Amino acid sequence: MSKNNVGISGFGFYLPPYRVDLEQWSKWTDNDWSKIHAVVGDSFRMCGPEQGVYTLAANAVLRLIENYDLDPSRIKFLGLGTESSIDNSAGAIIVKGIVNQALGDSPLPRDCEVPEFKHACLGGVYGMKAALRYLCTDAQPGDQAIVVCSDIAEYARGSTGEQTQGAGAIAMLLEANPRLAKIDLTRSGSASDYRGADFRKPFIRFLDQKPRINAKIQDLPVFNGKYSTTCYVDEVLHAMRNMFERHEEGSHRVLEKFHSVFMHRPYRRMPETGWAMSHLLSLALGSEQSRLELEDYCKLADVAMVDMVQEMTASPDIHSLTEQGTVDQDVYPLTMQVLRAYRKTSAYRDVVSNKMSLGSDLMMHVGNIYSGALFGWMAAGFEDAVGRHVSLDNQEILAIGYGSGDAAEVIPMEVVHDWQEAASKIHFAESFEPKVDLSQEQYEKLHDDGDPGPLEFRPAKAFVIDHVGENDRQDFTDTGIEYYKYLD
């Protein structure tokens, strides 16, 4: 199978119904709504007592199968990207088992591979790359792959991350002769570097926790906000440089040709910063004309261009900041100063805002879904392009993934001809319904206790947790194991 003719053919998206309106949350917590809206978004979702990371994933996979009328027997690879696993032994096989309950006599086949991928928010991208490699090596003609990204982002109430919570899952169909976008991994860029206390989830956090309803425990991360932003920017820049090395065009011409850009999106402002910094890097490494453009921005910021370029193209030892206790240090102060000046120019609107516009408004209602954030934005972008009659035939788009800890992937894709038919089956916006807007009391109870109290709502056409095992007999044990059912 040609490695140049595989890619994405469809998406299936699922959001749990329980919604927190960030304007109301701002009132509850005495935060500035205008700032929250500009930096974060409009709302986020939460899992209810009857939901978990595997039911979210199964719901997304089933929607993908139904949206595209797939033959389950052709699906020979089911990968799960997540950092919210609650089972240290199994993962994607659980999702397969849940989905097969609804598929009945036409299940996912026994010879379907079921790997799980974990690297913070980059697990889904690694899953996608593995699926594409499978299609190019092991697959038989007609075989298909599904990668589902499912995550639950929880942060302590009162923390700096509280407004960036979320829950959801997105499944993508990958195959030969793709119907949305072709992907050639030989043209992509990668970067990774250990960063210590960037964003972690050590098991010790679970000690002394009393399980909530359905045996759930809180998966609150250990994180350092400003340091994490530094890591994000630094790793994206290194992955971008790696991609530049794989293209014959100059760095600036490489970025110029992309019609649209989609990035890992924990909240609204972060990807804007990452893409803008990438553009400044392309100017620094580009032609004489590119460097003249960069010099104009440097003059606006009163920064010497030679100093800014030296700073941006260096490889700072960011991990040492944790050892020195200086995680609040700004590693790119001159570049950030130039970026602030660049934001005020018309070029910023053309290069940054416009290229990131597809699907951006829809993503304001999604919240942070970790490994699913990048692909959720791509799905929203394709649906938005159909609605706005944007011509994407044979256009190149760029996907930029990131996972704390610390790694990034920059992957060019080419939209195929007649992509609209496959895009029209995504039904991204329809996934916002049903929704149940939580009151302050319901939000706090669901967050802290796992149970919002009585709600006039019952899930339908969805997988839920039926009960959790409590048997600890000599002849049979299932303590903590979830059992699922499909509500038709």
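Let's start with helix α13 (residues 346-353), whose buried residues are Ala 347, Tyr 348, Val 351 and Val 352. Here "buried" means under 20% relative accessible area, "exposed" means over 50%, and "partly exposed" is in between (1.4 Å probe, protein chains only). Look down the axis of α13 and its buried residues fall within an arc of 95°, so they line one face of the helix; the arc is that of the directions from the helix axis to the C-beta atoms. What do they pack against? The buried residues of α13 pack against α8 (269-284), α9 (288-301) and α12 (333-342).

A quick word on the ground rules. This is a predicted model, where local features need pLDDT of at least 70 and side-chain atom pairs count only at pLDDT 80 or more, while totals for chains, interfaces and linings use all residues. Residues are numbered from 1 along each chain as its sequence is written, and side-chain values use heavy atoms, with hydrogens and water left out. Helices (H or I, at least four residues) and strands (E, at least two) are DSSP runs, numbered from the N terminus.

Now for the rings. A pair of aromatic rings is described by the distance of the centres and the angle of the planes. Rings of Phe, Tyr and Trp (its six-membered ring) pair if their centres lie within 6.5 Å; planes under 30 degrees apart are stacked, over 60 edge-to-face, and the rest tilted. The structure holds 15 aromatic pairs. In one of them, the rings of Phe 262 and Trp 377 have centres 6.0 Å apart and planes at 85°, so this pair is edge-to-face. It links distant parts of the chain: Phe 262 sits in strand β12 (residues 258-263) and Trp 377 in helix α15 (residues 373-387), 115 residues apart. Both Phe 262 and Trp 377 are buried.

Phe 463 and Tyr 486 make a tilted pair, 4.8 Å centre to centre with 50° between the planes. Phe 463 belongs to strand β16 (residues 462-468) and Tyr 486 to strand β17 (residues 482-487), 23 residues apart. Are these two buried or partly exposed? Phe 463 is buried, at 0% relative accessible area, and Tyr 486 is partly exposed, at 25%. Elsewhere, ring pairs link Phe 13, Phe 428 and Phe 432 into a cluster.

Charges can sit over rings too (NZ of Lys or CZ of Arg within 6 Å of the ring centre and within 35 degrees of the ring normal). Arg 265 lies over the face of Trp 377, at 4.7 Å from the ring centre. The charged end of Lys 257 sits over the ring of Phe 258, 6.0 Å from its centre.

A pocket is an open set of points on a 1 Å grid over the protein atoms alone, with protein on both sides within 12 Å along at least five of seven lines, and lining residues have an atom within 4 Å of a point. Of the 43 residues lining this pocket, the closest to its centre are Gly 225, Lys 226, Thr 229, Tyr 267 and Met 270. The largest share of its lining, seven residues, comes from α6.

Finally, find Asp 449 in helix α17 (residues 440-449). At 41% relative accessibility, Asp 449 counts as partly exposed. Leaving aside neighbours within four places in sequence, Asp 449 is in contact (heavy atoms within 4.5 Å) with Arg 212, Ile 213 and Glu 444.

Methods: On a 1 Å grid over the protein atoms alone, a cavity is a set of points where a 1.4 Å probe fits but cannot get out, and a pocket is an open set with protein on both sides within 12 Å along at least five of seven lines; lining residues have an atom within 4 Å of a point.
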